[in-house]
Amino acid sequence: MYIPFGKDTLQKLSLIAFAQAILAMMGDKRKVVRFYPTELIIPTFRHRFMDGVLELDDGVLINVEFQTGDLTEKFLLRCAQYAVNLRVISRKFVETSIISTGNRNKSKLIAFISKFFLFKPKIFFYSEYDGLEILNNIKDKIENKEKLTLLDHYYLVFIPFMGNVNQVEVAFEVFRIANNRELFSAEEQSEIKKCQYVVAQIVANGDKKLFNKFWEIIMWNNDFLVEYEENLIKETTENVTQQVTEQVTQQVTMDVSKNIAKNLKDVLSDEEIAKCTGLSLKTVKGL
C-alpha cells in the first residue's frame, strides 16, 4: 500500500511514539506532559494545523515542525505565524523546533523579531548527524547486552536519512535490528515497525521490488504483532468485563434498595426512606 505524503506521515507517527526521545535528541531535558491541540482557530484566518505541539513540565509549549528538504523563507514565516497565534491562543510561552531532511547551507534561516515577540527557532538537520556512527554505537550496545534507550529506538527509524550512510544498505540493517525480540517488547517493536514501514516506502521511492524486499524483512518474525494484538484484546475484554460487573453490581444494589424502601413505606416518610437507602426522593415517591 502506498502512503501519500509519506514523510509527513512518518514525522507525525514518530512524534507520537518518540516525543520524549526527540526532546533528548535536541539536548532538552524537560519532560513531555501531554500533546497540545494542533489546530489553530483564528477568527480572521482560515484554520491552521501545526505538525505537533508538546506541553512540557515547565508549562512551555514547543511547536515541532517537520520539513522535507531545505527550509524556505515561506516555510519559516509560516512557522513564525504559528508561534505568534499559538502564543495568543494559549497565553503560554511558545518555542519552535524544526527538524529537516534538507541541507543547512541550502536553507534560508531567519529570526523574526518585533517589539513584543522573538522568533528564533531551534533547527535540526538529519544530514548533520553521523548515521554510521550512531548505528555502530547501537550495535555496540547490543553486543555488550546494554539496554537500548527510547532515543536509540528513534534513531533506528531515522538513521537512513542521516549523513554518512548508504540509505538502502542502512535501511536493511535497521529493519533487521528491529526484528530482535530480545531487545524490544511487543509494544516497542510495534511503534518502531509502524514507522519503519513508512521509511521503507520513502527509501524505495516507487521501486516495488526494493519495497517488497524491505517488507519481507520488516514483517519477518512478526509474531510480535499477533502477541500485541492478543494483549490488546485481552486488556479490552478485561476492561469491558469489569465495566459490566460494576453495572450489574450497581443494578443489584439498586434493586435491593428499592425492595427495602417498599417495605419501609408504611413505617417511615419518603424523606426518611431516601436517607436510609441512598435512593433519590423522586425514586422513593415512585415506588
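# Exercises on a predicted model

Gly102 touches Gly69, Asp70, Phe125 and Ser127, leaving aside residues up to four places away in sequence. The structure is a predicted model.

## Exercise 1: Describe strand S6 and its partners

State how many residues of S6 (residues 94–100) are buried. Then name the strands that pair with S6.

**Solution.** 
- Step 1. Count. Seven of the seven residues of S6 are buried.
- Step 2. Recall the pattern. In a regular strand, side chains alternate between the two faces of the sheet.
- Step 3. Sort the residues by face. Val94, Thr96, Ile98 and Ser100 are on one side. Glu95, Ser97 and Ile99 are on the other. Both faces of S6 are covered.
- Step 4. Take one partner. Strand S5 (residues 61–67) pairs with S6 in the parallel sense, over seven bridges. Ile62 has Glu95 in S6 as its bridge partner.
- Step 5. Follow the chain between these strands. The path from S5 to S6 runs through helix H2 (residues 73–90). This β-α-β crossover is right-handed.
- Step 6. Take the other partner. S6 and strand S9 (residues 122–125) pair in the parallel sense over four bridges. In S9, Phe124 is the bridge partner of Ile99.

## Exercise 2: Follow the side chain of Lys193

Which polar contact does the side chain of Lys193 make with another side chain?

**Solution.** 
- Step 1. Lys193 lies in helix H6 (residues 186–204).
- Step 2. Check the burial. The relative accessible area of Lys193 is 4%, so Lys193 is buried.
- Step 3. Find the contact. The side chain of Lys193 makes a polar contact with the side chain of Asn179, at 2.4 Å. These two residues are 14 apart in sequence, and their C-alpha atoms are 8.8 Å apart.
- Step 4. Look at the backbone too. The backbone oxygen of Ile218 lies 2.4 Å from a polar atom of the Lys193 side chain.

## Exercise 3: Classify two aromatic pairs

How many aromatic pairs does the whole structure hold? Classify Phe172 with Phe214, then Phe211 with Trp215.

**Solution.** 
- Step 1. Count. The search finds ten aromatic pairs.
- Step 2. Classify Phe172 and Phe214. Their ring centres are 4.7 Å apart and their planes are at 55°, so the pair is tilted.
- Step 3. Phe172 is in helix H5 (residues 167–177) and Phe214 in helix H7 (residues 208–219).
- Step 4. Check burial. Phe172, at 16% relative accessibility, counts as buried. Phe214, at 0%, also counts as buried.
- Step 5. Classify Phe211 and Trp215. The centres are 6.4 Å apart, with 15° between the planes, and the pair is stacked.
- Step 6. Phe211 and Trp215 are four residues apart in helix H7, so about one helical turn separates them.
- Step 7. Check burial. Phe211 is buried at 12%, whereas Trp215 is partly exposed at 34%.

## Exercise 4: Find what surrounds Ser14

Which residues does Ser14 touch, not counting those up to four places away in sequence?

**Solution.** 
- Step 1. Ser14 lies in helix H1 (residues 6–25).
- Step 2. Check the burial. Ser14 is buried, with a relative accessible area of 0%.
- Step 3. List the contacts. Ser14 touches Ala19, Ile22, Tyr154, Phe158 and Cys195.
- Step 4. Look at the aromatics. One aromatic cluster is formed by Phe18, Tyr126, Tyr154, Tyr155, Phe158 and Phe161.

## Exercise 5: Judge the confidence

Which helix has the lowest mean pLDDT among the elements of the chain?

**Solution.** 
- Step 1. Start with the chain. The average pLDDT is 82, and 77% of the residues score at least 70.
- Step 2. Turn to the elements. Helix H8 (residues 223–264) has the lowest mean, 58. Helix H3 (residues 131–143) has the highest, 97.
- Step 3. Check the start of the chain. Over residues 1–5, pLDDT stays under 50.
- Step 4. Conclude. Where pLDDT is low, the predicted coordinates should not be read in detail.

Methods. Residues numbered from 1 in each chain as written. Predicted model: local features only at pLDDT ≥ 70, side-chain atom pairs only at ≥ 80, totals over all residues. Heavy atoms only, no water. Helix = DSSP H or I, 4+ residues; strand = E, 2+ residues; numbered from the N terminus. Buried < 20%, exposed > 50% of the residue type's maximum accessible area, 1.4 Å probe, protein only. Polar contact = N/O pair within 3.5 Å; in protein donor to acceptor, adjacent residues only side chain to side chain. Phe/Tyr/Trp six-rings, centres within 6.5 Å; stacked < 30°, edge-to-face > 60°. Pairing = 2+ DSSP bridges. Right-handed = clockwise from strand over helix to strand, strands pointing away. pLDDT = per-residue confidence, 0-100. Contact = heavy atoms within 4.5 Å.
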